[in-house]
Amino acid sequence: QPHKLYGGSSGSHEDAYTRHKKFINNYILHYGKAKEYCAPTTEAKTDYDILVEEYRFIRSEEDNDETDWAKRLAKRYYDKLFKEYCLADLTRYKEGQIGLRWRTQKEVFNGKGQFICGNKKCDSKSNLQSYEG
């Protein structure tokens, strides 16, 4: 049977951060002077959250700031992408909105965007043209 100091039961499926907060709370209650541990009010940012904030489809020189960890992370991710051809999502083109993204490794191997139409929902292999800016 699990130890009550550490909380949780054998059927508990808590994430690591939740268990960490319980362990810290128990430690402070047992050893510390504080009556109760106050968890941080803001959620911790994951690498994915940072990428969402810092990612740029086309990067400029100021996006490559080597002193900022978040920008270095986004640049490392950007450098791993296959940037010869991009794929388009044209489902909202009538509203004046298009979505562009770089290809995944699987799409590169399959020829999507180069030998197969680059529209997300199209698999045509004939009458393809390349547009370069």
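Biologist: Thanks! By class, what residues does the lining of the largest pocket have?

Modeller: This is a predicted model, and in it the lining has 11 nonpolar, seven polar and two charged residues.

Biologist: How much space lies in that pocket?

Modeller: The largest pocket holds about 510 Å³. Its lining is made by 20 residues, and those nearest the centre are Cys86, Gly113, Gln129, Ser130 and Tyr131.

Biologist: And which element gives the most to the lining?

Modeller: That's β1, with five residues. Strands β1 (82-89) and β2 (99-103) each supply at least two residues of the lining.

Biologist: Switching to helices: at what angle do α2 and α3 pack?

Modeller: Helix α2 (residues 47-54) and helix α3 (residues 69-79) meet at about 85 degrees, and their axes are 9 Å apart. The two are therefore roughly perpendicular to each other.

Biologist: Which residues make the contact?

Modeller: From α2 there are Asp47, Ile50, Leu51 and Glu54, while α3 brings Trp69, Ala70, Lys71, Leu73, Ala74 and Tyr77. By class, the residues of this contact are seven nonpolar and three charged, with no polar ones.

Biologist: Last topic, confidence. What pLDDT does the protein average?

Modeller: The average is 80, and 82% of the residues score at least 70.

Biologist: Which elements have the lowest and the highest mean pLDDT?

Modeller: Helix α1 (residues 16-31) has the lowest mean, 80, and β2 has the highest, 90.

Methods:
Residues are numbered from 1 along each chain as its sequence is written. This is a predicted model: local features need pLDDT of at least 70, side-chain atom pairs count only at pLDDT 80 or more; totals for chains, interfaces and linings use all residues. Side-chain values use heavy atoms; hydrogens and water are left out. On a 1 Å grid over the protein atoms alone, a cavity is a set of points where a 1.4 Å probe fits but cannot get out, and a pocket is an open set with protein on both sides within 12 Å along at least five of seven lines; lining residues have an atom within 4 Å of a point. Grid points are joined across faces, edges and corners, and a volume is the space filled by probe spheres set on the points. Helices (H or I, at least four residues) and strands (E, at least two) are DSSP runs, numbered from the N terminus. Ala, Val, Leu, Ile, Met, Phe, Trp, Tyr, Cys and Pro count as nonpolar, Asp, Glu, Lys and Arg as charged, and the others, Gly among them, as polar. Axes are lines fitted to C-alpha atoms, for helices over the stretch in contact, and angles run from 0 to 180 degrees between N-to-C directions. Angles under 35 degrees count as roughly parallel, over 145 as roughly antiparallel, 65 to 115 as roughly perpendicular and the rest as oblique. Contact means heavy atoms within 4.5 Å. pLDDT is the predictor's confidence in each residue, from 0 to 100.
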